[in-house]
Amino acid sequence: MGSEELVQQDAPRVRGRLQVLVLHGRQSNANLANFQISGLKTAFGKDTDFEFLEGDVTWAYRPGVDLHDADPMSVNLSKGKDFKVWFNHTTDDPRERPDLYKQQDPGVCVSYEGVEGAVDALLQRVTQEPVDAVVGLFEGCIVVHLAAARLLLDGATLPWPVSVFFGDLPIRDARWASAFDNAKAKHASIHVFGRNDEYYHYGRRAAGMMAPEDYYEAPLVLEHVEGHRLPQLQPEAGALYTRVAREVRNCCGRLVQDGTSDLHRWLRTSRPLKPLSPPLLEMELMVPRKLRVLALTGGHSCTEVLRFQCANLQQALGRDACEWTYIEGTEDWNWFEGEPIVSDMEKTLAKGAQLKNWYMDSITEATPTEKPNREKQFDPASRVVQLGGGSGLSQAEGKELEEL
């Protein structure tokens with residue numbers, strides 16, 4: 001069955017008010033999630049009811065595992081409610097490092113504990129009273145994916161028209177992820193990612209496993225420029241929420257404000273390219289930072305010459321996108337017979353600075369010749385001894401060794 005046929009077959013009956021079920025993220029709860037989706041609620045308008053489903057596992061901060069404890073703002077917004085997670089997990093990584101790094105390491109195996117209960121809670125809720133859309137926030141997204149995996153193995157589909165995933169995350173337990181190896185879920189899905197989220201590369205690349213957007217037949221992938229949060233910067237955030245609300249209404253067979261209903265038009269929409277690397281972030285605050293480039297001089301050179309040599313690369317990378325550090329060797333270099341002659345341009349670029357080497361060397365030939373040093377160095381029969389620059393040998397000691 002093609003995706004277009006699936007869309008038409010699964011179009012739900014139109015009821016009164018839209019019913020949206022929200023699953024919170026890790027270290028969260030219904031009160032905190034309600035605050036997080038305030039922009040989304042505005043976009044849907046007053047004819048939409050939002051309900052929040054909570055996990056059963058109480059979260060407690062674990063130093064060395066969690067990146068941070070609950071901040072004062074999150075505590076206040078929770079209004080006395082415990083922080084929850086949907087399930088626990090273990091890894092085969094014995095190293096002491098934050099769980100974030102373990103989960104994103106393709107060489108680490110992750111095993112879920114207690115996910116059956118989380119999936120049961122979701123499916124029982126939507127069985128009791130139908131919903132029009134399920135919205136997953138961060139870890140809450142995984143619960144929806146797990147439900148899709150279970151139903152896919154049972155030959156069934158998710159019993160609501162569309163799911164929306166903010167800060168989408170993949171299934172890392174291979175026992176559950178394998179459900180999507182040979183089939184995709186017949187379900188409309190909207191996946192929203194922040195390009196400066198520390199989980200962005202992980203969410204779209206899944207640490208070498210299948211990315212969550214690839215679990216579904218008809219994914220719409222949207223991105224914003226912010227980090228690990230629901231978007232807030234206007235006007236881009238408002239436009240994104242409006243787009244999401246419009247697509248959900250279309251999937252539910254509802255007319256949007258301009259009177260149109262072009263169900264699943266994103267089937268013809270290309271996705272943003274998947275990232276090749278994670279975003280550059282300051283790891284303590286998880287905020288964007290510049291690319292840091294360390295440039296080392298070559299032989300008989302100095303930092304002033306190096307700056308000129310790197311100018312084209314600096315321009316290609318973006319002059320305001322990088323922080324450059326230039327360092328030069330520690331050994332003074334002065335011309336002697338057999339060495340390259342310094343050009344007038346190099347002298348100009350050096351601006352009178354002493355040219356440097358990282359180390360000096362002494363060359364002994366099997367049969368002495370008058371060849372330039374660079375040709376002697378490339379001769380397999382030559383013996384080259386590094387002097388200074390961390391070699392542990394002074395030039396005098398090198399001369400003694402050369403005479404042996």
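Analyst: The answers below go from the whole chain to single elements and residues.

User: What should I know before reading any values?

Analyst: This is a predicted model, in which local features need pLDDT of at least 70, side-chain atom pairs count only at pLDDT 80 or more, and totals for chains, interfaces and linings use all residues. Residues are numbered from 1 along each chain as its sequence is written, and side-chain values use heavy atoms, with hydrogens and water left out.

User: What is the average pLDDT of the protein chain?

Analyst: The protein chain averages a pLDDT of 86, and 88% of the residues score at least 70. Here pLDDT is the predictor's confidence in each residue, on a scale from 0 to 100.

User: Where does pLDDT stay under 50?

Analyst: Residues 1-13 stay under 50, and the model has 20 contacts for them beyond four places in sequence. A contact means heavy atoms within 4.5 Å. Residues 259-263 also stay under 50, with 14 contacts beyond four places in sequence.

User: How many helices and strands does the protein chain have?

Analyst: The protein chain has 15 helices and 18 strands. Both are DSSP runs numbered from the N terminus: helices are H or I with at least four residues, and strands are E with at least two. Of the 404 residues, 44% are buried. Buried means under 20% relative accessible area, exposed means over 50%, and partly exposed lies in between (1.4 Å probe, protein chains only). Among contacts with a separation of 6 or more, 74% are between residues 24 or more positions apart.

User: On to strand 8. Are its residues buried or exposed?

Analyst: Strand 8 covers residues 162-166, and five of its five residues are buried. Val 162, Val 164 and Phe 166 are on one side, with Ser 163 and Phe 165 on the other, and both faces are covered. In a regular strand the side chains alternate between the two faces of the sheet.

User: Which strands pair with strand 8?

Analyst: Strand 7 (residues 133-137) runs parallel to strand 8 and is joined to it by five bridges. Strands count as paired if DSSP finds at least two bridges between them. Ala 133 stands opposite Val 162 in strand 8. From strand 7 the chain passes through helix 7 (residues 139-153) to strand 8, in a right-handed β-α-β crossover. Right-handed means that, with the strands pointing away from the viewer, the path from the first strand over the helix to the second runs clockwise. Strand 9 (residues 185-194) also pairs with strand 8 in the parallel sense, over five bridges, and Ser 189 in strand 9 stands opposite Ser 163.

User: Where is the cis peptide bond around Pro 235?

Analyst: The bond from Gln 234 to Pro 235 is cis, with omega near 5°. Pro 235 lies in the loop between strand 10 (216-224) and helix 10. Helix 10 (residues 236-251) reaches 23 Å from first to last C-alpha, close to the expected 22 Å. Its buried residues include Leu 240, Tyr 241 and Arg 249.

User: Last topic: how many disulfides are there?

Analyst: A search of the whole structure finds zero disulfides, a disulfide being a pair of cysteine sulfur atoms within 2.5 Å. Cys 302 is buried at 1% relative accessible area, and Cys 310 counts as buried at 11%.

Terms used
The expected span of a helix is 1.5 Å times one less than its number of residues.
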